[in-house]
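Try each task yourself before you read its solution.

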Amino acid sequence: MTDDMKNVKNDDRPPLRAQNVPGNVARRHAERITEEAVKNSSASSGGGDNGEQFSLNDDRRVKVLSPGAMVAKRFFRNRIAVVGLAILAFMFLFSFAGGLISPYTENQQFYRVEYQNKDYAGVVQNTEFRYMQADGQKFDSVLQAQFVLAFQTKKDSFTYREIDYNVYAEGEDYYRVTLAEDDTTIGIAYKDIVTSSVEGQKLSFTLVSDALAAFTNGEAAFTSDGADYTIDEAGVVLKGDDEVAFISRYVVNPVMSDVFLSRGFQEELVVALEDGVDEFVYTDENGETHTYSVSYRPDMKTWSVMQATETRVYDTYAAPSRAHWLGTDRNGMDMMTRLMYGGRVSLLIGFIVEAISTVLGIILGGIAGYFGKWVDNLIMRIVDIFYCIPSMPIIIILGAAMDAMSVDPQIRMVYLMLILGFLGWPSMARLIRGQILSLREQEFMTATEAGGIRVSRRIFKHLIPNVIPQIIVSVTMGIGGTIITEATLSFLGLGVKFPFASWGNIINDVNNTFVLTTYWFIWIPAGTLLLLTVLAFNLVGDGLRDAFDPRMKR
């Protein structure tokens, strides 16, 4: 048989059965088929040209993103949402880290030294009679009135209760009143004032009466109580070389009882009054120089003397400087530091209030949505009642009540968070209830029922996690609204109280037009931070909503 016939015969033979093929031949045949399949796959994918081959466990294969990674990727593609997130990051760093690196504390007050005019003395030019009672005698207001009547009628005696009294004119505007029966002096009436030159020294009646008698009669010397005295032209009473008293028609009384006004000061003051000047300078015995201003009060016919003193006062409304980048407030506190701590309080209140509202909303909304029927009706009617409650008037009333009871500022802040959180849960409950109503009829819930899983686990382990995206979006947007509510209450004086700071009560410093127009650094930074924070929360909330549900993106 020829070779061609053999080849034809071999080609026409039926294929060999697997059991007749040796093991190594079958294995080589399978490997050849696998290699051809891989080559064809590589060629169809474009990798055949460079000879690269891929397998199912190759690291260069396409990776499937998790749901969370897909949400994050869609969120970070939204540039506006990323801007909002960056603003929030800055606010958190500014509020929580800024207070740690600030050189000042939240309530640290700063002072400055300035000269202030303070009431120092009052002056009146004496035009009326003054009276002094002799030792051991009675010269009361009734007898003084009887003297005035006798003086006006130009009589030298008067009778009161069957007792006769004599009136002696000892000099110009100086009179002595005596008992008629023994001529004993009971008192004197005078217009010139005798003032002691020595602090704490009280002048006797005899010395005053003798000095006035000598002064009004132009005498240069007199004797009183066995001692010799002299009077100079200025009315200074001397005992030897020692100054005892001085006489003047002006009555000068210090505002403070512990202040002694020396003769030198009173003489300088009288010169200023007679010259009609509004200001004079006087150096006292201790070498201290002060400036005094004098103003006349025509309604009281008196002069008011004010002393310019160096006073340490709060450094209020100081302009921005190197020490205080945003100036100081009305309490002399650093504005930037207050803004840092104020942001901390505002953000904490926003998060805690939303946490309270969310927890209550999830529990009640989840129960209402899952059980339905009368449970749903009951909880939804409670929600309707809460919607009908006028929240803002109630908060204002409670704030006024806490003011009246002088509640501690820290406890007041806790009450504020509880009140806002308790009044804010109905919207979250209604959102959760609506989502769960649509989820409870799906197949996975039927599976949980068939598996015998308890009700609480079905609600909080299977239903609530499926509405987490809606909760996150609602909470993010709700925090901004809560911060605005707190700022409004604090601005009205019903929220966070001093010494704690919040952006709302910082703006409360702008309580009049002058502060609004003059001290811009008090309210513009706080208002800007408040605006940016609320705007950022809204931008992030919009971005999260679009990331969780791309179909809502327009």
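Helices (H or I, at least four residues) and strands (E, at least two) are DSSP runs, numbered from the N terminus. This is a predicted model, where local features need pLDDT of at least 70, side-chain atom pairs count only at pLDDT 80 or more, and totals for chains, interfaces and linings use all residues. Residues are numbered from 1 along each chain as its sequence is written, and side-chain values use heavy atoms, with hydrogens and water left out.

**Exercise 1.** Find which helix gives the most to the lining of the second largest pocket.

*Solution.* Start with the space itself: the second largest pocket holds about 360 Å³. Seventeen residues, or 17, line this pocket, and Leu-420, Leu-423, Gly-424, Thr-482 and Thr-485 are the closest to its centre. Next, look for elements that give two or more residues to this lining: helix 8 (335-371), helix 10 (391-404), helix 11 (409-423), helix 12 (425-439) and helix 15 (468-491). Helix 15 comes out on top, with five residues.

**Exercise 2.** Work out which element gives the largest share of the lining of the largest pocket.

*Solution.* This time you have about 460 Å³ of space. Among the 20 lining residues, Ile-193, Val-194, Thr-195, Ser-196 and Asn-253 sit closest to the centre of the largest pocket. Two or more lining residues come from each of strand 2 (130-133), strand 7 (193-196) and strand 12 (250-254). Strand 12 has the largest share, five residues.**Terms used above.** On a 1 Å grid over the protein atoms alone, a pocket is an open set of points where a 1.4 Å probe fits, with protein on both sides within 12 Å along at least five of seven lines; lining residues have an atom within 4 Å of a point. Grid points are joined across faces, edges and corners, and a volume is the space filled by probe spheres set on them.
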